[in-house]
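Please find below a short note for a colleague who is new to this structure. The points move from the strands to the core and then to the charged pairs.

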Amino acid sequence: MSKQIFKVIFLNDGQVFELYAKQVYQSDLYGFIEVEEFLFGERSQLLVDPAEEKLKSEFSGVRRSYIPMTAIVRIDEVEKEGAVKIHASQGNKVTQLPLPPFKPDSGN
């Protein structure tokens, strides 16, 4: 049985994050996707990628991340992990869809 690897692309503070993870699923929290077991490539110490270092430090110690469904751009199952990336969200290519406010059942 081969292991699954997911590439998760999402918006965060005007930037597009591309991360790799072993587990991605719909959360019990309404409107969120859970992402677990982030994968960061073991790169040579001679070449340091600032984007990867920023993401490693931002997600260090994080066991699970809850990402709003409206922030998700795309989730792909891939054969192998690649380099993580951060880039600016430019133009109107990616737009977050507004979610209607959640109103819990009043029990009526």
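**Notes on the model**

1. Val16 counts as buried, because its relative accessibility is 7%, where buried means under 20% relative accessible area, exposed means over 50% and partly exposed lies in between, all with a 1.4 Å probe and protein chains only. Val16 has its place in strand S2. Leaving out residues up to four places away in sequence, Val16 touches Ile9, Phe10, Leu11, Lys85, Ile86, His87 and Ser89, a contact being heavy atoms within 4.5 Å. The C-alpha atoms of Val16 and His87 are separated by 5.3 Å, although these residues stand 71 residues apart along the chain.

2. On the basis of these remarks: this is a predicted model, in which local features need pLDDT of at least 70 and side-chain atom pairs count only at pLDDT 80 or more, while totals for chains, interfaces and linings use all residues. Residues are numbered from 1 along each chain as its sequence is written, and side-chain values use heavy atoms, with hydrogens and water left out.

3. The protein has one helix and six strands, which are DSSP runs numbered from the N terminus, with at least four residues (H or I) for a helix and at least two (E) for a strand. From the N terminus on, the order of these elements is β-β-β-α-β-β-β. Among contacts between residues at least 6 apart in sequence, 65% join residues at least 24 apart. Of the 108 residues in the protein, 32% are buried.

4. Which strands does S2 pair with in the antiparallel sense over seven bridges and over six bridges? Seven bridges join S2 to S1, and six join S2 to S3, where two strands pair if DSSP finds at least two bridges between them. S2 also runs antiparallel to strand S6 (residues 85-88), with four bridges joining the two. Individual positions can be followed in the display: Lys7 has Tyr20 in S2 as its bridge partner, Gln15 stands opposite Ala88 in S6, and Gln23 stands opposite Glu36 in S3.

5. Two hairpins deserve a look. S1 and S2 form a hairpin with two residues between them, and Asp13 in the turn has a positive phi of about 55 degrees. S2 and S3 form a hairpin with five residues between them, and here Gly31 in the turn has a positive phi of about 85 degrees.

6. The largest nonpolar core has 21 residues, and those with the most contacts inside it include Phe10, Leu19, Val24 and Leu55; such a core is a set of buried Ala, Val, Leu, Ile, Met, Phe, Trp, Tyr and Cys residues joined through side-chain atoms within 4.5 Å. Two or more residues of this core come from each of strand S1 (5-12), strand S2 (15-26) and strand S3 (32-39), and S2 gives the largest share, five residues. Leu55, apart from its neighbours within four places in sequence, is in contact with Phe17, Glu18, Leu19, Phe40, Val84, Lys85 and Ile86.

7. The count of aromatic pairs comes to one, the rule being that rings of Phe, Tyr and Trp (its six-membered ring) pair if their centres lie within 6.5 Å, with planes under 30 degrees apart counted as stacked, over 60 as edge-to-face and the rest as tilted. The rings of Phe10 and Phe17 have their centres 5.5 Å apart and their planes at 55 degrees, so the pair is tilted. Phe10 is buried at a relative accessible area of 5%, and Phe17 is buried at 1%.

8. How many salt bridges does a search of the whole structure find? It finds four, a salt bridge being a side-chain nitrogen of Lys or Arg within 4 Å of a carboxyl oxygen of Asp or Glu. In one of them Glu18 pairs with Lys7, with the closest N and O atoms 3.7 Å apart. Glu18 lies in strand S2 and Lys7 in strand S1, so this pair ties together parts that are eleven residues apart in sequence. Glu18 is buried, with a relative accessible area of 10%.

9. Another salt bridge joins Glu36 and Arg64, whose closest N and O atoms are 2.4 Å apart. Since Glu36 lies in strand S3 and Arg64 in strand S4, the pair ties together parts that are 28 residues apart in sequence. Glu36 is buried at a relative accessible area of 10%, whereas Arg64 is partly exposed at 36%. Salt bridges that share partners join Glu34, Glu36 and Arg64 into one network.
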